[in-house]
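Hi,

Here is the structure we talked about handing over. Please have a look at it first, and then read on for what turned up.

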Amino acid sequence: MLTLYSYWRSSAAYRVRIALHYKGIEFDTQSVHLVQDGGQQHSDAYQQLNPSQLIPTLKDGDLVIGQSMAILQYLEERYPQSPLLPDDIVKRAHIQSFALDIACDIHPLNNLRVLQHLTAKFKNNDDQNQQWYRHWLATGFKVLEEKLRRHGGLFCYGDQPTLADVVLVPQVYNAHRYELGMDDFPFIQSVYERCNDIEAFALAAPEVQPDAP
């Protein structure tokens, strides 16, 4: 059985949980608390598993792999049931571009270690960090909203969830958590609500994870 090293509030781990549930893949969750004990991802044991000291990590037999987007690609190829990418090369490129807008341009700026550095190095308080977080979310969401306006359907691309939806939902969850107003992003919000009506997305939600408080 697969093991996912996860943290309930990690948006990168959230992506992987959605894909695992959507594909019907059984897995165990190994919690790595990102705050307790100075951050359990920095422990010697976890560094042996994943030198980047980031979440998530997936273990499938002898394979150990980090980076959520690489994990998602692996799951798509190793477990092709309920595909998250179409066969059409053009549609696939659009979907991957959308997902990478989030994974490469939005999420890294708001990662926990960035926020911790802003506090430690520049003495940012919580309000300043939240303003930083909302700024980069809104900047990225403007791009995503326009892409959905042009190419969307019931979901990000068409009438079935794809990789784009898997990566979008955790970022919108964070937007609500950090109180970003969604009035300017109706397409994003409608996709988010529609996805959360699907069991796989609901099962992956942070609040229902075994390590959630």
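Two strands count as paired if DSSP finds at least two bridges between them. With that in mind, a place to begin is Lys59, whose bridge partner in strand S4 is Val64. Please keep in mind that this is a predicted model.

The sheet

Strand S3, residues 57–60, and S4 run antiparallel and are joined by four bridges. They belong to an open sheet of four strands with mixed pairing, in the order S2-S1-S3-S4. At its edges are S2 (27–31) and S4 (63–66), each of which pairs on one side only. On average, neighbouring strands of this sheet are turned by 20° against each other, if direction is ignored. Helix H1 lies across S1 (2–6) and S2, and runs at about 155° to S1.

The pockets

Four helices supply at least two lining residues each: H1 (11–22), H5 (112–122), H6 (126–151) and H7 (163–177). Helix H5 gives the largest share, with five residues. Sorted by class, the lining of this largest pocket holds 14 polar, ten nonpolar and four charged residues.

The second largest pocket has a volume of about 280 Å³. It is lined by 17 residues, and Ala12, Leu54, Gln67, His107 and Asn111 are the closest to its centre. Here the elements that give two or more residues are H1, H3 (68–78) and H5. The classes in the lining of the second largest pocket are eight nonpolar, seven polar and two charged residues.

Salt bridges

The count comes to four salt bridges. One of interest is between Glu76 and Lys23, where the closest N and O atoms are 2.9 Å apart. What parts of the chain does this pair link? Glu76 sits in helix H3 and Lys23 in the loop between H1 and S2, so to speak distant parts of the chain, 53 residues apart.

Happy to talk any of this through.

Best wishes

Conventions
Residues are numbered from 1 along each chain as its sequence is written. This is a predicted model: local features need pLDDT of at least 70, side-chain atom pairs count only at pLDDT 80 or more; totals for chains, interfaces and linings use all residues. Side-chain values use heavy atoms; hydrogens and water are left out. Ala, Val, Leu, Ile, Met, Phe, Trp, Tyr, Cys and Pro count as nonpolar, Asp, Glu, Lys and Arg as charged, and the others, Gly among them, as polar. On a 1 Å grid over the protein atoms alone, a cavity is a set of points where a 1.4 Å probe fits but cannot get out, and a pocket is an open set with protein on both sides within 12 Å along at least five of seven lines; lining residues have an atom within 4 Å of a point. Grid points are joined across faces, edges and corners, and a volume is the space filled by probe spheres set on the points. Axes are lines fitted to C-alpha atoms, for helices over the stretch in contact, and angles run from 0 to 180 degrees between N-to-C directions. Contact means heavy atoms within 4.5 Å. A salt bridge is a side-chain nitrogen of Lys or Arg within 4 Å of a carboxyl oxygen of Asp or Glu.
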